[in-house]
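Biologist: I am new to this structure. Please show it to me, and then let us go through it by question and answer.

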Number of protein chains: 2
Amino acid sequence: MRGRPIVPGGLLTDLYELNMAASYLRRSMTGQATFSLFIRTLPPGRGFLVAAGLADCLRFLEDFSFTADDLSYLRLAQEYPEKTLRQLARLRFTGDVRAIPEGRVVFAGEPLLEVTAPIAEAQLAETVLLNHVTFQTAVAAKAARCVLAARGAQLVDFSFRRTQGIDAALAVARASAIAGFAATSNTAAAHRYGLAAAGTMAHSYIEAFGDEQAAFAAFAGDFPAMTTFLADTYDTGRGVRNAIEVTRCLRLPGPVGVRLDSGDLAALARMARAMLDEAGLADAKIVASGSLDEYAIAALVAAGAPIDAYGVGTKMGVSADAPYLDSAYKLAAYDGRPVMKLSAGKTSPPGAKQVYRGPDGDLLTLQDEPPPPGCQPLLVPVMRQGRPVSAPEPLAAAQQRCRADLAGLPPAVRALRDPVPVPVQISDRLKILQDQVTRDLRRQAGIQRGPLAS
Amino acid sequence: MRGRPIVPGGLLTDLYELNMAASYLRRSMTGQATFSLFIRTLPPGRGFLVAAGLADCLRFLEDFSFTADDLSYLRLAQEYPEKTLRQLARLRFTGDVRAIPEGRVVFAGEPLLEVTAPIAEAQLAETVLLNHVTFQTAVAAKAARCVLAARGAQLVDFSFRRTQGIDAALAVARASAIAGFAATSNTAAAHRYGLAAAGTMAHSYIEAFGDEQAAFAAFAGDFPAMTTFLADTYDTGRGVRNAIEVTRCLRLPGPVGVRLDSGDLAALARMARAMLDEAGLADAKIVASGSLDEYAIAALVAAGAPIDAYGVGTKMGVSADAPYLDSAYKLAAYDGRPVMKLSAGKTSPPGAKQVYRGPDGDLLTLQDEPPPPGCQPLLVPVMRQGRPVSAPEPLAAAQQRCRADLAGLPPAVRALRDPVPVPVQISDRLKILQDQVTRDLRRQAGIQRGPLAS
């Protein structure tokens with residue numbers, strides 16, 4: 001099937017996950033482990049994130065297995081013993097997953113995903129789960145900021161050429177669609193995810209004709225219902241004039257578009273709007289592109305630039321000012337026992353958890369705490385015993401959640417500059433447990449010397 | 001075969017490339033086009049880049065074709081006419097490619113790749129070629145800066161969990177290996193590219209045992225020849241002591257390692273070194289990790305921290321301070337005619353080119369200019385008539401080129417902070433041609449009104 005991971009199989013993980021899993025299997029350590037996947041802190045300048053990546057995680061877990069080639073590599077290159085290889089050959093993901101659905105606005109410290117499974121299985125999944133959620137959540141948040149900045153103007157994903165790889169481009173098209181983008185230039189992504197595909201023409205098309213008006217006429221002849229003229233190859237004023245003349249002479253049926261890709265976009269948009277209106281093309285659309293992000297879009301909106309749609313590329317597609325999130329996948333419980341680490345600056349609360357969203361913000365609790373009045377649980381079961389609890393949901397569901405959550409965000413949280421994230425409170429029971437586990441670990445550190453101590 | 005692109009076929013491109021190609025085919029515009037792929041300007045803080053991504057480009061071009069499913073999408077969703085679909089069904093990449101080999105140090109304005117092919121074919125390849133070269137060149141440069149900072153200490157790619165997607169992780173492992181990294185934690189990449197795989201253990205392993213010494217003993221029992229103990233789960237001093245005790249009690253055969261992953265790495269490394277030396281484990285290695293990049297590594301080296309190897313993850317894997325390059329794929333000639341655009345701030349020299357490297361820097365020339373004395377051409381033929389000119393080269397060839405080029409870089413160019421890039425000169429003939437094409441375009445802009453003008 002198209003669109004499966006490029007290297008299916010169990011080697012898509014860090015070697016240490018494999019080594020740990022091998023060790024667990026060899027020692028018959030089959031206890032249930034719960035891992036929490038969360039973002040430790042928001043990047044500077046981010047007031048919120050948008051959960052994304054879950055669909056790829058579920059597909060990965062559902063398909064997880066070792067191919068004969070994987071096992072052969074582990075035998076020859078890593079010298080795994082035959083017994084371990086036989087155990088790995090049989091290994092599938094058989095655990096449960098609870099997650100915050102895609103499209104929801106989320107904050108630092110909230111588990112986006114909790115995996116409960118035999119520890120070897122949960123450990124092997126760490127790398128890919130972190131990869132999908134970290135990247136896609138970062139991009140969905142960046143795209144959502146562009147949507148907020150655009151104040152209703154349409155956004156199109158133009159990022160394919162500069163995303164960090166090919167599957168990143170597919171993920172960006174999908175994540176930006178969740179966040180509210182109207183279309184993508186990425187044809188493969190449009191096909192795969194059922195998105196609207198959008199595109200205009202490149203400067204090279206005009207240069208190949210040599211004559212801008214001839215190029216416009218040719219393109220409009222071939223694509224009369226969807227013509228957007230790229231106006232800045234030689235001179236934007238002349239480009240708009242040529243677009244107008246071609247539109248008139250060919251009597252194009254639908255509204256045409258004019259795309260501005262360089263220069264002072266606000267001034268050029270005003271000029272183009274005036275020229276188009278004067279020519280009786282009040283329904284013609286103006287599309288702006290070129291190094292745009294939420295800050296540039298907000299500036300154009302603030303300047304009153306008459307721009308109908310923005311092509312947003314690289315800076316959204318790599319989340320340029322926050323290209324990664326400080327994500328973690330931490331063991332929270334093993335074999336019925338809550339655990340945590342004490343590493344400097346990297347502690348996290350123990351135990352399986354729930355996040356409740358209420359009118360006063362979010363509350364992080366233990367999984368089995370009753371919901372506070374008027375609050376909604378964010379983590380829901382998405383996989384049981386290795387199978388998804390339901391068929392993949394349509395993208396529209398995630399889009400709708402994102403739209404609703406963005407609309408409900410207080411202005412200080414959704415602010416593009418110096419936002420103030422929603423505070424995440426920790427329940428009393430969770431605090432008590434965290435203190436108790438910390439005390440126990442500190443006491444052990446003082447007195448316990450381990451079985452090998454003399 | 002494993003490792004092919006996740007969505008093979010001709011839809012892996014922006015819609016406008018398809019629309020332009022369809023238009024060219026319909027109009028029988030089959031003239032040869034030359035496109036130059038180059039980086040317009042270096043990102044702030046970069047004195048050089050390292051060419052990478054070519055191998056993926058060649059594979060893409062060699063495999064390029066439209067599947068029946070691709071054509072069905074274009075028929076139904078994009079309403080392409082049957083004649084165009086038949087032309088696309090037959091379309092393969094039949095052109096020539098000249099490129100700067102992977103691993104070479106390169107600068108802004110130098111074509112990393114020049115494609116000469118019937119214009120529809122060359123146009124369709126734009127998006128994926130830009131994607132591979134932009135990302136992989138950015139990461140190889142970032143990795144090379146880490147190598148320079150480490151002054152001979154070993155580097156290991158730990159980035160898989162936070163790269164922007166799965167194929168990005170594979171590409172990062174390979175690009176960082178080209179730049180001089182010794183190993184990767186990414187098992188799939190190690191298998192695919194024949195790299196050394198490296199890995200230690202995670203905090204979760206220790207937490208699952210509850211007792212650090214028991215965990216160390218178990219792991220060392222399972223992997224006696226490759227044990228690196230993660231020391232900071234609870235307290236680094238105690239962790240190192242436990243590592244020493246386990247190493248002694250189990251009489252481990254090879255040199256062990258101790259990994260420090262949080263806190264003041266320089267101070268902890270000194271402490272660990274002293275403890276290991278005192279315990280008679282002078283051959284034990286110290287591995288540092290945790291938010292490292294070239295700046296952090298340089299600071300640790302400058303502080304004289306006794307660190308033998310660095311695990312470098314996210315910041316290298318997403319090229320965090322320069323997550324994209326200002327790359328372009330520009331039509332330079334069509335049908336024997338040199339072309340360029342005049343768009344504000346985005347012009348580039350016309351014509352097919354060569355880059356000559358000499359003792360005084362690099363010279364950008366027209367393709368057919370004779371080499372200046374003592375200079376070496378950087379662009380070499382890599383594909384003729386759609387077929388690679390040779391079998392894929394071993395990664396060692398790119399590694400060796402990178403090592404040699406880095407060794408030859410002047411200190412000001414290789415400086416981590418405020419570097420001064422090598423100046424790229426433009427030959428007189430290229431300058432004259434650029435002036436002439438600019439003049440011609442400006443004159444046209446003044447006098448020519450196109451065939452539709454009244």
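Biologist: Which residues of α6(B) meet B:D56, B:C57 and B:F60 in α2(B)?

Modeller: This is a predicted model, in which local features need pLDDT of at least 70, side-chain atom pairs pLDDT 80 or more, and totals for chains, interfaces and linings use all residues. Residues are numbered from 1 along each chain as its sequence is written, while chains are lettered from A and ligands numbered from 1 in the order written. Helices (H or I, at least four residues) and strands (E, at least two) are DSSP runs numbered from the N terminus. With contact meaning C-beta atoms, placed from the backbone, within 7 Å, the residues of α6(B) that meet those three are B:V128, B:L129, B:H132 and B:V133.

Biologist: Are α2(B) and α6(B) roughly parallel or roughly antiparallel to each other?

Modeller: The axes of α2 (residues 54-63) and α6 (residues 126-150) of chain B come within 8 Å and cross at roughly 160 degrees. Axes are fitted to C-alpha atoms over the stretch in contact, with angles from 0 to 180 degrees between N-to-C directions. Angles under 35 degrees count as roughly parallel, over 145 as roughly antiparallel, 65 to 115 as roughly perpendicular and the rest as oblique. The two helices are therefore roughly antiparallel.

Biologist: Which residues of α4(A) do A:L71, A:L74 and A:R75 in α3(A) meet?

Modeller: In chain A, α3 (residues 68-76) and α4 (residues 82-90) pack at about 160 degrees with their axes 10 Å apart, and these helices are therefore also roughly antiparallel. The three residues of α3(A) meet A:L85, A:L88 and A:A89.

Biologist: How do the residues of the contact of α1(A) with α10(B) divide into nonpolar, polar and charged?

Modeller: Helix α1 (residues 15-26) of chain A packs against helix α10 (residues 212-222) of chain B at about 95 degrees, with axes 10 Å apart, which means that α1(A) is roughly perpendicular to α10(B). The contact brings A:A22, A:S23 and A:R26 together with B:A218, B:F219 and B:D222. With Ala, Val, Leu, Ile, Met, Phe, Trp, Tyr, Cys and Pro as nonpolar, Asp, Glu, Lys and Arg as charged and the others, Gly among them, as polar, the residues divide into three nonpolar, one polar and two charged.

Biologist: Which helix gives the most to the side of chain A that touches chain B?

Modeller: The contact takes 101 residues from chain A and 100 residues from chain B. By class, the side of chain A has 51 nonpolar, 30 polar and 20 charged residues. As 99% of the interface residues of chain A are also interface residues in chain B, the copies meet through the same surface. The most on the side of chain A, eight residues, comes from α1(A).

Biologist: Which residue in β9(A) stands opposite A:L230?

Modeller: Chain A has an open sheet of six strands in the order β7-β6-β11-β10-β9-β8, with parallel pairing. Its edge strands, β7 (183-184) and β8 (228-230), each pair on one side only. Strand β8(A) pairs with β9 (residues 257-260) over three bridges in the parallel sense. Opposite A:L230 stands A:R259.

How values were computed. Two residues are in contact if their C-beta atoms, placed from the backbone, lie within 7 Å. Two strands pair if DSSP finds at least two bridges between them.
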